[in-house]
Amino acid sequence: MHFETMQPTRLFFHCAIPSMISMAVSSLYTVADGIFVGRFIGQDALAAVNLVMPLVMICFALADMVAVGSSVQISILLGRREEDQARLTFSSCVKLIAAFSCLAGVLGFFLSRPVLLTMGAGENVTELAAQYIRVYALFSPLVMVFFAIDNYLRVCGKARYSMVLNVVTALGNILLDFVFIVLLRWGIWSAALASCLSLSLGTVLAMAPFFRKKLTLYFVRGVIPLRQLGHLLANGSSELFTNIASSAMMLILNAVLLRIGGSLAVAAVSVVLYVDSIVNSLVFGLADSMQPAISYCHGRGLRIRVRVLEQRVLLTAAAISLAALIFMRSCGGGLIALFAQKGDGALLMMSLRAMELFSLSYVVSWVDACLGSYLTALDRPGRSLAVTLCGTLVFPVLSLGILAPLWGLDGVWCMPLAAGIASAVVAVAAVAAMGRTGGAAASADSQE
């Protein structure tokens, strides 16, 4: 397999470039949602999308947990030449994701409004948010599978096909946003409809190769043992808790912002997070793109190759983050203006201040993201979970609790930097401790 035979630098670009393009384009259609909603529907609608998106992401986290945990196991099995077991694992996990998506859809449709009311938003914002999330709930079986199937395409070496799917999906979403919001003036629910229709098409196209049995993985009958299922869910739990913790943190952040600055502050942070999503997508896409290769080489006992691949991930992530810091501090004002209606001077000023302070976090934010993904690829769920929970919930909550009372909104904007420094220290310590105890080498040797 090319994970084993291709020269490391060439393999890195072969896997990373399509994945980064896919993630960047995917984040662009999220940004496009924000631009269309902010400019053509209004500030309350922009705040509503930001309030409800954590709930949407919690639902997607279930599919992500199964997909990431199983793709690591599948890559290791393929590295050991156990193709039949890999196919059985793939088939069982896709069925499980489908079941999770149906459950998430039912819960999201009926429980979204009560949850939103507890956050303290105004009646108008709550109603807009409920309209948005209920569309996602109706489409959840198709939409959630799309976010999972990408992992299996990359395991099969179909990174370019995955990239094409993401580009088609993103462009379709942007086109539908324009038609529904700008031309037809359908309102905030149509922004969710545009996303769901394009993602559903992506799911159909993504599943097709697996049914034709032309890939390494395809559907077979049977189910995996409960013990194996528990292990892969444990390994994917870091991704689950990353999403849940990030979403919980956003709910906490929104609640704090509503108390300090009202819906204007929520709208301001949503503008910054839309721009930030592009940077995050590049870093996470980079780290995730190498998981199958690292897991495969780990299963084959190629320890030096594993380290060489991860070094390229870290260096590239650092370069991306540095470039983002420079760009956001020099060109932030022009980006922010895309999301506001004419006359929204208060939103523009608050968003610009938020971006100036928030962007400082890019100095360190890439560290725990890359090392957490690395630990997951090495089948180290405990360490990966500890790193991700610290980076996405523990340190952000502590930083917010300390800085917001001291500096108000400026403290909120500085929170990502303080949390990122602490998270980077923990991530480096977790990987270093693994190396001192034999780490990946001992685990790989014992499995051969």
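Visitor: Which side chains meet in a salt bridge at 3.8 Å, N to O?
Guide: The side chains of Arg353 and Glu356 do. A salt bridge here is a side-chain nitrogen of Lys or Arg within 4 Å of a carboxyl oxygen of Asp or Glu. The model is predicted, so local features need pLDDT of at least 70 and side-chain atom pairs count only at pLDDT 80 or more, while totals for chains, interfaces and linings use all residues. Residues are numbered from 1 along each chain as its sequence is written, and side-chain values use heavy atoms, with hydrogens and water left out.

Visitor: How many residues apart are Arg353 and Glu356?
Guide: They are 3 residues apart in helix H11 (residues 345-358), which means about one helical turn separates them. Helices (H or I, at least four residues) and strands (E, at least two) are DSSP runs, numbered from the N terminus.

Visitor: What about Arg353 and Asp410?
Guide: Their side chains meet in a salt bridge at 3.0 Å, N to O. This pair links distant parts of the chain, since Arg353 is in helix H11 and Asp410 is in helix H14 (residues 409-436), 57 residues apart. Asp410 is partly exposed, with a relative accessible area of 25%.

Visitor: How many salt bridges does the count come to?
Guide: The count comes to 6. One of them joins Arg81 and Glu4, at 3.6 Å, N to O. Arg81 lies in the loop between helix H3 (43-79) and helix H4 (83-118), and Glu4 lies in helix H1 (residues 2-5), 77 residues apart.

Visitor: New topic: how many cavities of 30 Å³ or more are there?
Guide: There are 6. On a 1 Å grid over the protein atoms alone, a cavity is a set of points where a 1.4 Å probe fits but cannot get out, and lining residues have an atom within 4 Å of a point. Grid points are joined across faces, edges and corners, and a volume is the space filled by probe spheres set on the points.

Visitor: How much space lies in the second largest cavity?
Guide: About 100 Å³. Its lining includes Phe60, Tyr136 and Val143.

Visitor: Which helix supplies the largest share of that lining?
Guide: H5 does, with 5 residues.

How values were computed
Buried < 20%, exposed > 50% of the residue type's maximum accessible area, 1.4 Å probe, protein only. 1 Å grid on protein atoms, 1.4 Å probe; cavity = no way out; pocket = protein on both sides within 12 Å on 5 of 7 lines; lining within 4 Å.
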